[in-house]
Amino acid sequence: MIPGFRNERPRTELPAASRRDVLRGGLLAGAGLLIGFTLPARGPAPAVAATAAAGDAVMPNAFVRIAPDNTVTVLIKHLEMGQGVTTGLTTILAEELDADWAQMRAEHAPVDTAKYANLLFGIQGTGGSTAVANSWEQLRKAGASARAMLVAAAAERWKVPASEITVSKGVVSHAASNRSARFGELAEAAAKQTPPTDLKLKDQGAFTLIGQRLPRLDSVAKTTGRAQFGMDVALPDALVAVVARPTRFGATVASFDATAAKAVPGVVDVVAIPQGVAVLAKGMWAATRGREALTVRWDESKAETRSSDAILAEYRKLAATPGAVADKAGDAAAALAGAAKVLTAEFDFPYLAHAPMEPLNCTVKLAPDGMEIWTGCQFQTVDQANAARVAGLKPEQVRIHTLYAGGSFGRRATTNSDFIVEAVAIAKATGGKAPVKLIWTREDDVRGGYYRPMYHHALSAGLDAAGNLVGWRHRIVGQSILTGTPFEAMMVKDGVDATSVEGANNLPYAIPNRSVELHTVKSPVPVLWWRSVGSTHTAFAVETFLDELAHAAGKDPVAFRRAMLAGEPRHRAVLDLVAEKAGWGTPLPQGRARGVALHESFHSFVAQVAEVSLDKDGRVRVDRVVCAVDCGVPVNPDVIRAQMEGGIGFGLGAIMAEQVTLTEGRVDQSNFHDYTPLRIDRMPTVEVHIVPSTAAPTGVGEPGVPPVGPAVANAVFALTGRRVRALPFAKELSV
Amino acid sequence: MSVTFELNGRNVSLDVDPDMPLLWAIRESAGLTGTKFGCGAALCGACTVHVDGEPTRSCSVPVGAVAGQRVTTVEGLETGGNKAAKAVQAAWQALDVVQCGYCQSGQIMSATALLSAKPRPTDADIDEAMSGNLCRCATYVRIRAAIHDAARRMEA
Ligand code: FES
Ligand code: FES
């Protein structure tokens, strides 16, 4: 017998008790509200500061601390949100240090942009699958430098030439005199050495940790309940705050009556903040009950009042007209006019919520001369500046403690630091009299905006008489993620937001005549990058349309793509590998079909083959996904595999059944009964094959996501003859 | 008002409103934060605990309803002498199931309950017992493998 959950509910219904809580949602977050800091120009940050400050004797440089007990702690400048970055970055440093994996530890670095900037962003921040890519050289050098200092310390102590000293698995040895010492014994002396200026990094053939399966550093803490997430911070006397936000994006508080809320036992205070009305209480239960008792009138004069269907109808009209040019080659119009066969297709993509498993939260302790913040945040430099501005402090007076994040998928990388600034505003409004722990409920999260934008795509393509793809026109309509943010100058050029068109304006396929165009529309609905950003929609449109074209040309979908990839060996290699491993072209059991998709994102190359069938109820079932990935040197193969598995499940949930819709401006969904990520019973088996490579490593957090949707859609076509072009599938198919 | 129950083998008396969900009593009053808040509506499983051995969504049970009963949270698994729990945690670590980790206390509580009731679960059993536990990182491939691995560890 399977144990029944004593209080399990059908997962398609919301219990009555929660319905009250759902009444308030939505978030006003005018992007202009809090921004104003200047983003440093893109470029490398200062070199690693090899400081051995007084009293900091076991810190050979900014990235590593060696303790007398022989543990080695790597300071992780990126946020661990599940992607395995603590393990990955520690591996890189430990490799050049010649440490023993068992002695390695990791902890989040403090905010210090000079030391810990993302070298690809110029600010301290995590995103774009850049953590390993930007840290690769930096941490190898930091490890090699610390190793050289340990060797120098041993040479001095033993009075032997440094060149005769070897290091292996955390032990420094001099064979001729039969002496050895562990790192911990040498740490203090090592920190006093001058960091070497010319570092020799290992040849890749000499790697002993990189490329191996190493246990994740966070596994034990996360399987025993000991891992500390932002949600777990409990400062003495802290008050829990929840915020009543408008139900329509762009609305503001007109007036409120807190009488009934204040009468709820445990409620301590009710304050207005720019984002809504905050209820502070001794504990979450009292805070949410207080919020239920609150009456707020909203000024909706500037609010979004359209339904998502109405917005989409406007997108469709726009798609009939030329847009801003995002990519152009040859003469697409002429090629289409002269083609033997022309195909067209239109696609709709809904708003999507990130819905990280840990609802957003932030703890703030405000004092007149400084502020401490505890949270899981992706953009420390930005968050520090935004928090300081709201509190009326200088950025250096703001200390951020970065904790494990229970997922993010981009949600914790808002350029206005929305949830952090909200917590600071509450702390300020209450005069800093008690620490504030802001908690969003799941309903707040699903209804809170910062969605993957809704998009409409319109494509036309022409084949010549031999079935070659000769013309391609791709129009995209949707909101810009970056316009009006500090990233605009860097990433929006000539009216084209790079995040709206990535994956569409850099096709690897040799198509002689192309026109990729963008219409950017405005709405008060806050939008944001969502795991794999533009590729969440461009890959689907491109890769399913290519499949249609292959069929129209009477060609095999793998061969059709392959023929257009002559100049792209890495794309071709993952496509070949996935085809081989999936048995492409071999017969499948009755009732099963395959689909393929290929996509590069964040400089990693991923191809996937999905196998689908219909279950006994006629629902689409994805049985198996085979995945080939080339991400350069595979630093932690098992973490790469995990990210591909997770990315496939995450992407599959979205294309199957996730959507945020608006009715007269109000979000229809509220919790996991109607915003429905994938569950275990719909997870396919996944096989991951990693291409061996010596190229510099690139990211894996996002690139597993884009191909799964189109691979499944192409398999569904092969099985049923139906092309699904409006997502999620649940709108048209039984899933 | 106070509510008395057994929490991880110890009697606790918490000074709380009996209508408060067990989840918040455990997290805020008893200070055990391994049990997570994910949805507050019995939809995600992040808050799963055992009440008298049965997996229970603590966000949707008033603390008053467990008066006099035995509540086990993830923090109580290691010391509770539960053979299935030990196997589950070992398997979870050996296979590196976790990613962000936020759902995993709940996954482990559900998997432990499953294996306690059914030491050799099939894939269909796993789907049935575990589909109330969302994992937004979609670690499902490894959750399934780890449950089978834990079953083998229990036999050994
Ligand atoms: S928090 Fe209890 S089931 Fe989600
Ligand atoms: S590990 Fe992140 S939600 Fe499950």
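Two strands are taken to pair if DSSP finds at least two bridges between them; helices (H or I, at least four residues) and strands (E, at least two) are DSSP runs, numbered from the N terminus. The model is predicted, so local features need pLDDT of at least 70 and side-chain atom pairs count only at pLDDT 80 or more, while totals for chains, interfaces and linings use all residues. Residues are numbered from 1 along each chain as its sequence is written, chains are lettered from A and ligands numbered from 1 in the order in which they are written, and side-chain values use heavy atoms, with hydrogens and water left out.

In chain A, strand E4 (residues 165-168) runs antiparallel to strand E5 (residues 171-174), and four bridges join them. Two residues lie between E4(A) and E5(A) in this hairpin, and A:Lys169 in the turn has a positive phi of about 45 degrees. Across the pairing, A:Thr166 stands opposite A:Ser173.

Next come the aromatic rings. Rings of Phe, Tyr and Trp (its six-membered ring) pair if their centres lie within 6.5 Å, with planes under 30 degrees apart counted as stacked, over 60 as edge-to-face and the rest as tilted. By this rule, there are 16 aromatic pairs over all chains. One of them, A:Phe347 with A:Phe349, is stacked, at 6.4 Å centre to centre and 15 degrees between the planes. A:Phe347 is buried at 0% relative accessible area, and A:Phe349 is buried at 2%. A:Tyr351 and A:Tyr451 form a tilted pair, because their planes stand at 50 degrees, with the centres 5.8 Å apart. This pair links distant parts of the chain, 100 residues apart: A:Tyr351 belongs to the loop between strands E13 (341-349) and E14 (361-367) of chain A, and A:Tyr451 to the loop between helix H13 (442-446) and strand E18 (455-463) of chain A. Relative accessible area is 0% for A:Tyr351 and 0% for A:Tyr451.

One aromatic cluster is formed by A:Phe229, A:Tyr404 and B:Tyr102. A charge counts as over a ring if NZ of Lys or CZ of Arg is within 6 Å of the ring centre and within 35 degrees of the ring normal. A:Lys222 lies over the face of A:Tyr404, 4.4 Å from the ring centre.

Conventions
Buried < 20%, exposed > 50% of the residue type's maximum accessible area, 1.4 Å probe, protein only.
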